[in-house]
Amino acid sequence: MAARENIELVNNMEFGITSKFVPNLCEAKTLKVVEINNTSVRIELESKQKGVFPLSHFQYLIRHGALVVSKDEGEETA
């Protein structure tokens, strides 16, 4: 499979956390994007712990399967 491109991030976007997500100290299963700017992504884990990642590193975590986009309610495809 070819390298995946960066996805467009939006506030309140939710991700499932896989075992590849090394900074998962509280063993959360999901996280939510709280704020995005040109250089960083602020997140909140389901445990209400918060963190900040450089935008490029957050995109790396997505491309390499550490974070998996959760399905939106609007995505009702089979």
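Visitor: In what kind of contact do the side chains of Lys 48 and Glu 44 meet?

Guide: Please note at the outset that this is a predicted model, in which local features need pLDDT of at least 70, side-chain atom pairs count only at pLDDT 80 or more, and totals for chains, interfaces and linings use all residues. Residues are numbered from 1 along each chain as its sequence is written, and side-chain values use heavy atoms, with hydrogens and water left out. As a general idea, side chains of opposite charge can pair when their charged atoms come close. The term salt bridge applies when a side-chain nitrogen of Lys or Arg lies within 4 Å of a carboxyl oxygen of Asp or Glu. Lys 48 and Glu 44 form such a salt bridge, at 3.6 Å from N to O.

Visitor: Which other residue meets Glu 44 in a salt bridge?

Guide: Lys 50 does, with an N to O distance of 3.8 Å.

Visitor: Is Glu 44 buried or exposed?

Guide: Buried means under 20% relative accessible area, exposed means over 50%, and partly exposed lies in between (1.4 Å probe, protein chains only). Glu 44 is buried because its relative accessible area is 16%. Lys 48, at 59%, is exposed, and Lys 50, at 67%, is also exposed.

Visitor: How many salt bridges does a search of the whole structure find?

Guide: The search finds three. One of them links Glu 35 with Arg 42, whose closest N and O atoms are 3.7 Å apart. Glu 35 is partly exposed at 39% relative accessibility, and Arg 42 is partly exposed at 42%.

Visitor: How many aromatic pairs does the structure hold?

Guide: It holds three. Rings of Phe, Tyr and Trp (its six-membered ring) pair if their centres lie within 6.5 Å; planes under 30 degrees apart count as stacked, over 60 as edge-to-face and the rest as tilted. Phe 15 and Phe 58 are edge-to-face because their planes stand at 85 degrees, with the ring centres 5.5 Å apart. This pair links distant parts of the chain, 43 residues apart: Phe 15 belongs to strand S1 (residues 14-17) and Phe 58 to helix H1 (residues 55-63). Here helices (H or I, at least four residues) and strands (E, at least two) are DSSP runs, numbered from the N terminus. Phe 15 is buried at 0% relative accessible area, and Phe 58 is likewise buried at 0%.

Visitor: Which residue forms a tilted aromatic pair with Phe 58?

Guide: Phe 53 does, at 6.0 Å centre to centre and 55 degrees between the planes. Phe 53 counts as buried, at 12% relative accessibility. Phe 15, Phe 21, Phe 53 and Phe 58 form one aromatic cluster.
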